[in-house]
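Dear colleague,

Please find below the structure that I am handing over to you, followed by an account of what was found in it. I would be grateful if you would read the two side by side.

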Amino acid sequence: MSRGSSDLTVDLKYDLYEKSVQNPENDMLFLNQEFERLRKRRALTLREDFGGTGMLACVWGSQSPDHHAWAVDLDQEPIDLGKKRHWSQLKDLEKERVTYLHGNVLENRDFKSDIVVAFNFSYFIFKERSLLLSYFKKVLEGLEKDGMFAVDIFGGTECHQELEEETEHEGHSYFWDCDSYNPLNNHCTYYIHFQTHHDKKKHLKAFHYDWRHWSMAEIVDLMQEAGFSKVITYWEGTDEDGEGDGIFYESKSEENCESWVTYIVGLK
Ligand SMILES: C[S@@+](CC[C@H](N)C(=O)[O-])C[C@H]1O[C@@H](n2cnc3c(N)ncnc32)[C@H](O)[C@@H]1O
């Protein structure tokens, strides 16, 4: 994510972002369930790569006195905001268990964790195959011997169309704007805009993303090539109205739809 160029204050920008796109409780539920199912023990340590404000790391670290988390980000702005918004809300002992690291996810770390996550498609920032492969290899090195890597990914028939999708939230609207897509190399530009309801003002380009849209098959291949012993693809179940029900299950074959978001897990 780049910071974009909107007129919003930093606090409001991240507040609207988190309310629109983040759900650390759901992510944590998925991670806890899948780690326990696949590894037959509880996961205790988590590294949140591309952590931004480290919201998931803070929720993770507060689970119990045995839980620890690290959030890694290149940009000091979301780190400072995250400390102010989330870390400061933790109890003293919880604070000791959550660490923000200002740095690059490609750097070596002097600790290992049970789980590493790269969420909100942040690894799409690596456009070259060799770079993404080196990142996945670094993740593998940073995992405990029975560790698990989880990423999210999106796709669907609509995802490369230049269109702006609006989602209503309490107090604001969120816009996901696919601005450009190059079919020759899958490079794409997305923007997030917000509209605050109280003044009806639209705040353009609060965040911008310059990505390569990787496919599920490419990510599976790359994780296998990086050395993950098993790579698992998931799909989201649907409710009676055909909407996603937030429950993800292992799957290898599904019917495509207009738009989907799901997880991929790599086991060390
Ligand atoms: C899309 S945001 C993700 C924030 C949060 N994890 C989430 O799920 O919403 C991507 C973040 O990755 C950071 N970032 C980009 N390249 C990075 C790198 N090589 N190493 C560490 N952080 C990076 C950006 O500063 C930005 O905060």
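In which helix is the place of Pro78? The residue belongs to helix α4, which covers residues 76-85. Please bear in mind throughout that this is a predicted model.

Pro78 counts as buried, because 25 C-beta neighbours lie inside 10 Å and the cut-off for a buried residue is 20 or more. Leaving aside residues up to four places away in sequence, Pro78 touches Tyr14, Gly52, Thr53 and Asp73. Glu96 is 18 residues from Pro78 along the chain, and the C-alpha atoms of the two are separated by 19 Å.

Glu77 is also placed in helix α4. With 14 C-beta neighbours inside 10 Å, Glu77 counts as partly exposed. Between the C-alpha atoms of Glu77 and Gly52 there are 8.4 Å in space, although 25 residues set the two apart in sequence. Gly52 is also one of the residues that Pro78 touches.

I turn next to the sheet. Its 4 strands are arranged in the order β6-β7-β8-β9, with antiparallel pairing, and the sheet is open. The edges are taken by β6 (164-169) and β9 (201-212); each has a single partner strand, so one side of each has no neighbour in the sheet. On average, and with direction ignored, neighbouring strands are turned by 20° against each other. Helix α1 (residues 10-21) packs on this sheet and touches β6, β7, β8 (187-196) and β9. The direction of α1 makes about 90° with that of β6.

Within the sheet, β6 and β7 (residues 172-182) run antiparallel and are joined by 6 bridges. Thr167, for example, has Tyr174 in β7 as its bridge partner.

Finally, helix α6 deserves a description. This helix comprises 13 residues (129-141) and spans 18 Å from its first C-alpha to its last, close to the 18 Å expected at 1.5 Å a residue. Its buried residues include Leu132, Tyr135, Phe136 and Val139. These four cover an arc of only 95° around the axis and therefore lie on the same side of α6. Ser130 and Glu141, on the other side of the helix, are exposed. Among the elements that cover the buried residues of α6 are β4 (113-118), β5 (143-155) and α7 (216-226).

With kind regards

Note on methods:
Residues numbered from 1 in each chain as written. Predicted model: local features only at pLDDT ≥ 70, side-chain atom pairs only at ≥ 80, totals over all residues. Pairing = 2+ DSSP bridges. Helix = DSSP H or I, 4+ residues; strand = E, 2+ residues; numbered from the N terminus. Axes fitted to C-alpha atoms, helices over the stretch in contact; angles between N-to-C directions. Contact = placed C-beta atoms within 7 Å. Buried ≥ 20, exposed ≤ 12 C-beta atoms within 10 Å, placed from the backbone. Expected span 1.5 Å × (residues − 1). Arc of directions from axis to C-beta.
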